There are 2 protein chains.
Amino acid sequence: MAAQRTAELRRLLARPYPWVKKSFIVGAPMRIMAGPNLAVAVSAAGGLGFLGPQVKPDGVLADLDKARELVAASSLRHPLLPIGVGFQVWNGDLKIATSAVEKHKPCAVWLFAPRNGQKELDEWTTSLRGASRDTQVWIQVGTLSDAIAAVNSLTPPDVLVVQGSEAGGHGMAKQSTGTIVLFPEVADAVKESGIPVVAAGGIIDGRGVAAALSLGAAGVAMGTRFLASSEARIAKGYQDEVVRASDGAKNTLRTQLYNHLRGTFGWPELFSPRTLINRSWIDHEAGVPFEKLQVLHDEAAKSGDAGWGPEGRLATYVGTGVGLVRSVQDAGVIVESVRNEARDILKALTDDI
Amino acid sequence: MAAQRTAELRRLLARPYPWVKKSFIVGAPMRIMAGPNLAVAVSAAGGLGFLGPQVKPDGVLADLDKARELVAASSLRHPLLPIGVGFQVWNGDLKIATSAVEKHKPCAVWLFAPRNGQKELDEWTTSLRGASRDTQVWIQVGTLSDAIAAVNSLTPPDVLVVQGSEAGGHGMAKQSTGTIVLFPEVADAVKESGIPVVAAGGIIDGRGVAAALSLGAAGVAMGTRFLASSEARIAKGYQDEVVRASDGAKNTLRTQLYNHLRGTFGWPELFSPRTLINRSWIDHEAGVPFEKLQVLHDEAAKSGDAGWGPEGRLATYVGTGVGLVRSVQDAGVIVESVRNEARDILKALTDDI
């Protein structure tokens with residue numbers, strides 16, 4: 001019966017996105033890196049791609065213009081723009097976001113990281129729904145309490161995204177746990193809402209997708225895996241690191257240090273990014289003052305691709321699953337192979353157990 | 001092909017334990033709590049139960065005697081004792097362990113937490129294999145590097161157990177990550193060895209079992225779930241907490257504090273236990289000195305079951321999945337329902353995607 005219920009939620013998630021094939025694979029809205037080429041490639045392969053936030057809030061307009069062109073040149077046909085758009089609420093601009101959504105009518109918006117909790121998400125949701133009635137609102141949470149707050153709010157989301165502690169980029173700074181536990185506990189807590197729940201955090205290949213579906217996910221969001229896609233908007237030095245690095249348990253950590261070195265201040269304390277450890281962190285731990293690290297960082301930034309790597313100094317946001325990423329592939333190949341692998345795994349298990 | 005390979009490893013794991021039904025569910029060797037009643041009940045239900053270490057190393061002898069009686073009264077028939085025995089290597093006694101294994105010939109031993117790494121595991125493995133040729137050696141690791149060291153050692157284990165950061169009781173103090181990532185990265189790294197790998201950490205119900213199998217696990221070990229079994233050797237106050245508690249991401253943490261309050265010192269620094277947060281921790285964080293906490297703890301211990309709970313002070317080791325444990329059931333019911341649920345989930349998914 002529980003299995004039937006999750007099948008219903010999978011159907012509910014899929015209905016507004018008819019081009020998306022089973023299983024429902026989402027390209028997460030990684031800031032800067034998930035640009036128009038990646039988002040549209042994921043959707044064109046039968047997934048759902050999201051644009052990430054740009055360097056400045058109004059960058060979304062150029063990205064949406066470009067995405068619209070790419071969609072027109074693809075086989076994707078849908079009344080709405082068949083990609084989603086992600087916003088970091090705390091440093092987003094609701095006016096720009098609203099006018100962008102009104103103009104381009106993306107099929108979904110993905111909201112994350114409010115400074116003032118659900119109240120701020122309510123404002124955003126109301127404004128964005130006002131701008132485009134059929135655009136679905138996805139809310140990303142990383143805790144049980146935030147999930148419950150979202151589904152019981154004045155403006156419950158159409159889709160809830162639950163991010164486990166494995167995730168790269170920004171997530172909960174503390175009090176988080178792995179997807180294998182966080183996801184089912186949240187799913188149980190919000191099941192009365194009838195809102196489909198998407199799993200994020202640590203999902204890299206078909207094994208992770210099959211696992212997340214087993215946990216009851218209606219869909220699965222992948223970020224780190226798409227950093228190593230041909231279409232990612234990412235420096236080669238960074239991308240090489242994603243492919244090279246292994247053992248994310250040992251070689252990544254959550255810290256604001258790299259944000260600050262990049263000049264990004266003001267993230268709400270609840271959140272922090274996971275990054276690969278390199279010289280900036282090692283020196284910081286050894287007591288080198290921030291001002292000195294900043295100088296070294298800025299020099300490294302001028303060195304281009306050499307600025308990344310174990311001896312480099314530049315921010316390399318990745319999830320703990322980075323060790324499972326072993327080559328750069330086209331995003332469409334990733335979507336298809338992950339989908340096929342997940343199906344093969346589930347079929348083989350069903351036959352065997 | 002990868003799916004075939006994992007099916008072979010599932011068969012390889014199962015061969016020496018012919019009474020164990022698919023999927024291969026293991027009762028983890030929780031110290032004290034996994035006594036003879038629990039271990040034998042898990043095996044009798046078609047799983048594989050392990051005795052946990054006892055208060056003192058020679059406690060294993062009484063537990064094995066008792067287990068032998070229980071097995072004789074059950075329908076279990078096997079040339080070896082059809083339960084396993086767990087040892088904490090750092091504070092175990094190899095001489096006692098060896099003579100216990102020689103006398104009782106358990107089907108498996110599970111080794112964890114050496115003070116001196118793989119070298120110490122080699123000594124234990126050699127001695128225990130010498131005592132009982134057909135007893136299989138299981139080694140539990142929590143890091144990629146320890147997994148690689150184990151399979152490349154002089155005495156590779158028969159089975160490798162990989163424990164994710166969600167786990168309760170003792171695990172890696174640092175540099176760990178969730179099962180959804182740690183397991184597949186380890187499995188890939190050791191695949192040439194042909195050693196089957198069992199997943200542990202965050203597996204509470206059929207969803208977790210199906211997820212772990214999807215990740216490629218040959219079997220799944222559960223601890224926290226069995227704390228809430230009729231057969232667990234656990235105080236009622238503790239067990240009530242396991243059922244009551246939710247949101248393990250928020251309400252548990254890793255700390256040596258509770259070990260020290262119980263008078264257990266000397267754990268190798270690599271390891272720490274995960275426990276529910278209660279007054280001992282809150283007061284510790286507020287700066288109450290250890291000596292004062294000790295007095296309060298010892299008073300609480302005299303109060304019996306009231307010593308546990310959010311306002312209690314006693315150690316309550318659990319995994320982050322504690323919120324998924326909602327009732328006390330017989331261990332056999334747990335094994336069977338988890339097995340059935342996992343099968344139903346996988347079948348429904350295969351039909352649907």
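**Domains of chain A**

I started with the distance between the two domains of chain A in this predicted model: the C-alpha centres of domain 1 and domain 2 lie 25 Å apart. Domain 1 of chain A is made up of 2–233 + 326–352, and domain 2 of 236–322. I then looked at who takes part in the contact, and found 28 residues from domain 1 of chain A and 23 residues from domain 2 of chain A.

I looked up the area next. About 2100 Å² is buried between domain 1 and domain 2 of chain A, with carbon and sulfur atoms giving 60% of that. On the domain 1 side, I noted that Trp90(A), His170(A) and Leu227(A) lose the most area to domain 2 of chain A; together they account for 26% of what that side buries.

For the polar side of this interface I ran two counts. The salt-bridge rule finds 0 across domain 1 and domain 2 of chain A. Residue pairs in polar contact between these domains number 14, with both residues at pLDDT 80 or more.

Which elements give two or more residues to the side of domain 1 of chain A that touches domain 2 of chain A? I found strand S7 (169–172) and helix H9 (224–227) of chain A. S7(A) gives the most to that side, with 4 residues.

**Thr316(A)**

I moved to a residue of domain 2, which spans 236–322 in chain A. I placed Thr316(A) in the loop between helix H14 (290–302) and helix H15 (331–352) of chain A. Is Thr316(A) buried or exposed? I read a relative accessible area of 1% for Thr316(A), and since buried means under 20%, Thr316(A) is buried.

I listed its contacts, leaving aside neighbours within four places in sequence. Thr316(A) is in contact with Tyr238(A), Glu241(A), Arg274(A), Thr275(A), Leu276(A), Asn278(A) and Trp308(A).

**Helix H4 of chain A**

I went through helix H4 of chain A, residues 94–104, and wrote down its buried residues: Ala97(A), Thr98(A), Ala100(A), Val101(A) and His104(A). Seen down the axis of H4(A), these fall within an arc of 165°, so they line one face of the helix. An α-helix has 3.6 residues a turn, so residues three or four places apart point the same way.

On the other side of H4(A), I found Lys95(A) and Lys103(A) exposed. What covers the buried residues of H4(A)? I noted that the cover includes helix H3 (59–72), strand S3 (81–88), strand S4 (106–112) and helix H5 (117–131) of chain A.

I checked both ends of the helix. At the start of H4(A), a side-chain oxygen of Asp93(A) reaches to within 2.9 Å of the backbone nitrogen of Lys95(A). Just after H4(A) comes Lys105(A), with a positive phi of about 45°, although Lys105(A) is not a glycine. I located Lys105(A) in the loop between H4 and S4 of chain A. With a relative accessible area of 30%, Lys105(A) is partly exposed.

**Backbone entries, both chains**

Another positive phi turned up in chain B. Ala113(B), which is not a glycine, has a positive phi of about 65°. Ala113(B) lies in the loop between strand S4 (106–112) and helix H5 (117–131) of chain B. I recorded a relative accessibility of 1% for Ala113(B), and on that value Ala113(B) counts as buried.

I also looked up cis peptide bonds. In chain A, one joins Lys22(A) and Ser23(A), and omega is about -10°. Ser23(A) sits in the loop between helix H1 (2–14) and strand S1 (25–27) of chain A. In chain B, a cis peptide bond joins Lys22(B) and Ser23(B), with omega about -15°. I found Ser23(B) in the loop between helix H1 (2–14) and strand S1 (25–27) of chain B.

**Pro268(B)**

My last entry is on Pro268(B), in the loop between helix H12 (257–261) and strand S11 (271–276) of chain B. Its relative accessibility is 8%, so Pro268(B) counts as buried.

How far apart are Pro268(B) and Asn116(B) in sequence and in space? I noted 152 residues in sequence and 8.9 Å in space, C-alpha to C-alpha. Not counting residues up to four places away in sequence, Pro268(B) touches Trp90(B), Pro114(B) and Arg115(B).

Note on methods
Residues are numbered from 1 along each chain as its sequence is written. Chains are lettered from A and ligands numbered from 1 in the order in which they are written. This is a predicted model: local features need pLDDT of at least 70, side-chain atom pairs count only at pLDDT 80 or more; totals for chains, interfaces and linings use all residues. Side-chain values use heavy atoms; hydrogens and water are left out. Buried means under 20% relative accessible area, exposed over 50%, partly exposed in between (1.4 Å probe, protein chains only). Contact means heavy atoms within 4.5 Å. The arc is that of the directions from the helix axis to the C-beta atoms. A polar contact is a pair of N or O atoms within 3.5 Å; within protein, one must be able to donate a hydrogen and the other to accept it, and residues adjacent in sequence count only if both atoms are side-chain atoms. Domain bounds come from an automatic or database domain assignment. Buried area is the accessible area (1.4 Å probe) that two parts lose on being put together, summed over both. A salt bridge is a side-chain nitrogen of Lys or Arg within 4 Å of a carboxyl oxygen of Asp or Glu.
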